[in-house]
Amino acid sequence: MTEWFPIFIGLGENIAIIFFFITLLTKAYPFIVRLHPTNKGIIMGVLFGALSVLGMMVPIPLAEGIIVDIRGVVIAVAALYGGPLAGLLAAAAAGVYRFNLGGIGWFPGIGAIMTATLIGIVFSEWRRGRKPLLRQEFSYALHWNMGLTLAASSLLWFLGLPQGVAWSALVQHIVPILVFYPLATLAFGYLLNYELKGMNTKQRLEESEETYRTLVESSQDFIFSCNPDGVITSVNTKFCLTIGRTRESIVGSKFTDMIAYTNAGKSWEGLLQEMISIGSSVSFEREVVMPDGRGHTYIITLTPVFGPQKSLHSVTGSVHDITGLRRKEKYIERLAYYDALTGLGNVKLLREQLQASMDQYKSSESFAVLFMGVQNFKWVNETKGHIIGEQLLKEISQRLLRCCGARETAIRFGSDEFIVVSDQYHDKDELMRTVGLINSSFEQPFLVNGALIHMNTCIGIAQYPWDGSSPEELIKNANIASYYAKELGVNRFAFFTPTMKDHVMKRSRLEEAMRTALKNNEFSLHYQPQYGTGTGVIRGFEALLRWHHPELGPIPPSDFIPIAEETGLIVPIGEWVLREACLMHSKLLQSSQMHMTMSVNVSAVQLREYDFPERMIAILQDTGMAASCLDLEITESLLMSSFDRCIEVLEQLRGLGVKISLDDFGTGYSSLHYLKRLPIDYLKIDKSFIWDITSETAEQDITESIIELVHKLGLGVVAEGIETGEQLRILERWGCDYVQGYFLSRPIASQVLPEFINDVLERNMNHVEEIAAGQA
């Protein structure tokens, strides 16, 4: 029994050394683990090497010169936990010390040290690719097997002892060694693993807490925690900065006192119940007014923290600012539903609103679509520039908005087309109020960049459910009604009726037929002579456009001229009229040597063309007609629709020698102010004033006054529509300069005009006077 006593003493000393080492390593491990892997391996090798040397200083003696200690276990564990470098350094330290000790077992001892190193490295490499040992459950099998392997290698090295000692030592200690090494390896590995894993877990927890703290503090979200009553227990820096209060003043306050919602939602208690019932986070969006008075939109997320028995321990929360996102979404939505230039709704909004109104329709209430076309906008856009045009559209939109009530929506439908949806009106009086406001607003000129621009509109009205069963049909029928309103005059309106469809179809067919007529030469000119009242001499002719359709027959100018002006076809048609009339004048001049003027009606649409003066010059040059023989007749109402541009062009033409006449005087503005500004040579009194001059009516006095006034302005007077000799004599008495009408001559076809000229040369005005006297 006494022979085992030294063994137990040595074993106890080695265990004490191991505990001391583990305590030391535990203290140093937090610093070691942060080192580079190479440096970490060096430090671990030095520490384990020192432990193995200490173990050899208190060996367990087996026989004379033969000792057993924990060096093999320490070196193998060093390689297993610290890596090959740690194992090799620990082996080097132990080997040097064992060599210095000497004795008959020095060679097997060093061999056992190197074998232990190799065993530790093999087991370490076998674990390569798996999680580190400290990140997984302790493996009893791994450490037991490595201990058995160490025991087997140590027993084999016993054979390196002298023959007299080797077999007796091997036989005597085989069982203790086979038990000691596995148990020592298992115990040492377990203690080391337990302590280091605890330190590793603590360190990772501290790192995780530091990372979390850093993330929370650097987060741009408000992050807070509170107790189940909503009393804040901690907040991050962003929360303090945004609220504008210190952390100390916030902690202890209720969350609902810190965040003031502008839109109602669940109470704090309701949110707690929802979190408890679902057992996870809840998120909701709220509008919040911040201390600076500005509104923000936040996504608030509350996460429950449960204690034992699933009781709510606390609540953590984050408040994420999505104000910018919501603004972008609103901007995108506005782009989708509103016109970028005017701010009015667009076609998509119109269709959705009409469909919604149809879905919510009540028989006691109706709604209507007011289709509004703005006249002359194209001319403004082309002559004054797109910037002025865009500003004008904005001004029109603002006026339109001022005309709309709470149940009306203004829409920009096209470039110069607008729609007002009048929703939930009870009778037409409500609807007519809006129509009246819109028309009244267009009576005043628009001030754009210091310039006054007169605009006109026409409004077509379609009502649900009588005028359409779908948004598209309502819009189409309101548009049809607007065409009809345009024909009634400026700033007029019309309710849709089914018969208007036929009217629009007729207009459409006429438009297409006019395009064909230009190609097929279906147009022709007739010429009505104008006579001097004092001399009886033909002053000249007015070229009148006629259209004989191969299927429809003669089509009155009053039917197709307005359509031509609206569609722009008047430009090529008007140019053809000018060229044909100038050619006819040149032919008549050559054949009769008779000095005369050629009057041609010109539309304001033609005058608005930027190159009209140049085209006019080219026609005069091509036809050989003198500019002084050409008299352009401008309609008063059309002239006023684009006054400034027309004045500019007329002055250019007068500079060339072309005469200008104001046609249909009395049917438009009839303003002396405008008359004085117009660069004209003649004024044509409309036939509506001529018809009643033979009776004692107001028209008689008005017509006489017009002639007197125009003469005082230095202008010539032409009266049209003379149908009786009495009308002719009265106009002569009043001093009218020139006359024309059916009484004197009907319009003459171009084919027989030369013959008519020859006949006129043989007659004189006295013959005409005799005819007049006979009818009187």
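A salt bridge is a side-chain nitrogen of Lys or Arg within 4 Å of a carboxyl oxygen of Asp or Glu.

**Entry 1: a pair to start with**

I am working on a predicted model. I looked up glutamate 408 and arginine 433, whose closest N and O atoms are 3.6 Å apart. The pair counts as a salt bridge because 3.6 Å falls within the 4 Å limit. I noted where the two partners sit: glutamate 408 is in strand E9 (residues 408-412), and arginine 433 is in helix H16 (residues 428-441). The pair therefore ties together parts that are 25 residues apart in sequence.

Is glutamate 408 buried or exposed? I found a relative accessible area of 12% for glutamate 408, so this residue is buried. Arginine 433 comes out at 43% and counts as partly exposed.

**Entry 2: the other salt bridges**

How many salt bridges does the structure hold? I noted 18.

I then looked up glutamate 285, which forms a salt bridge with arginine 326. Their closest N and O atoms are 2.6 Å apart. Glutamate 285 belongs to strand E5 (residues 282-289) and arginine 326 to helix H12 (residues 323-337), so this pair ties together parts 41 residues apart in sequence. For glutamate 285 I wrote down a relative accessible area of 30%, which makes the residue partly exposed.

The next salt bridge joins the side chains of glutamate 472 and arginine 351, at 3.4 Å from N to O. Here two helices are involved: glutamate 472 is in H17 (residues 471-488) and arginine 351 is in H13 (residues 347-359). The two residues are 121 apart, and the pair links distant parts of the chain. Glutamate 472 has 44% relative accessibility and counts as partly exposed. Arginine 351 has 35% and also counts as partly exposed.

Which residues are linked in a network of salt bridges? I listed Glu542, Glu633, Lys684 and Glu720.

**Entry 3: aromatic rings**

I turned to the rings and noted a count of 13 aromatic pairs. One of them is phenylalanine 523 with tryptophan 547, with 5.5 Å from centre to centre and 50° between the planes. This pair is tilted. Phenylalanine 523 lies in strand E15 (residues 523-532) and tryptophan 547 in strand E16 (residues 538-549), so the contact ties together parts that are 24 residues apart in sequence. I checked accessibility as well, and both phenylalanine 523 and tryptophan 547 are buried.

Phenylalanine 523 also pairs with phenylalanine 560. That pair is tilted too, with 6.0 Å between centres and 40° between planes. Phenylalanine 560 is in helix H19 (residues 557-567) while phenylalanine 523 is in strand E15, so the pair ties together parts 37 residues apart in sequence. For phenylalanine 523 the relative accessibility is 6%, which counts as buried. For phenylalanine 560 the relative accessible area is 0%, and this residue is buried as well.

Which residues form one aromatic cluster? I wrote down Phe222, Phe224, Phe239 and Tyr298.

**Entry 4: charges over rings**

Last, I looked for charged side chains over rings. Arginine 399 lies over the face of phenylalanine 446, at 3.7 Å from the ring centre. Lysine 428 lies over the face of phenylalanine 495, and I noted 4.3 Å from the ring centre.

Conventions. Residues numbered from 1 in each chain as written. Predicted model: local features only at pLDDT ≥ 70, side-chain atom pairs only at ≥ 80, totals over all residues. Heavy atoms only, no water. Helix = DSSP H or I, 4+ residues; strand = E, 2+ residues; numbered from the N terminus. Buried < 20%, exposed > 50% of the residue type's maximum accessible area, 1.4 Å probe, protein only. Phe/Tyr/Trp six-rings, centres within 6.5 Å; stacked < 30°, edge-to-face > 60°. Lys NZ or Arg CZ within 6 Å of the ring centre and 35° of its normal.
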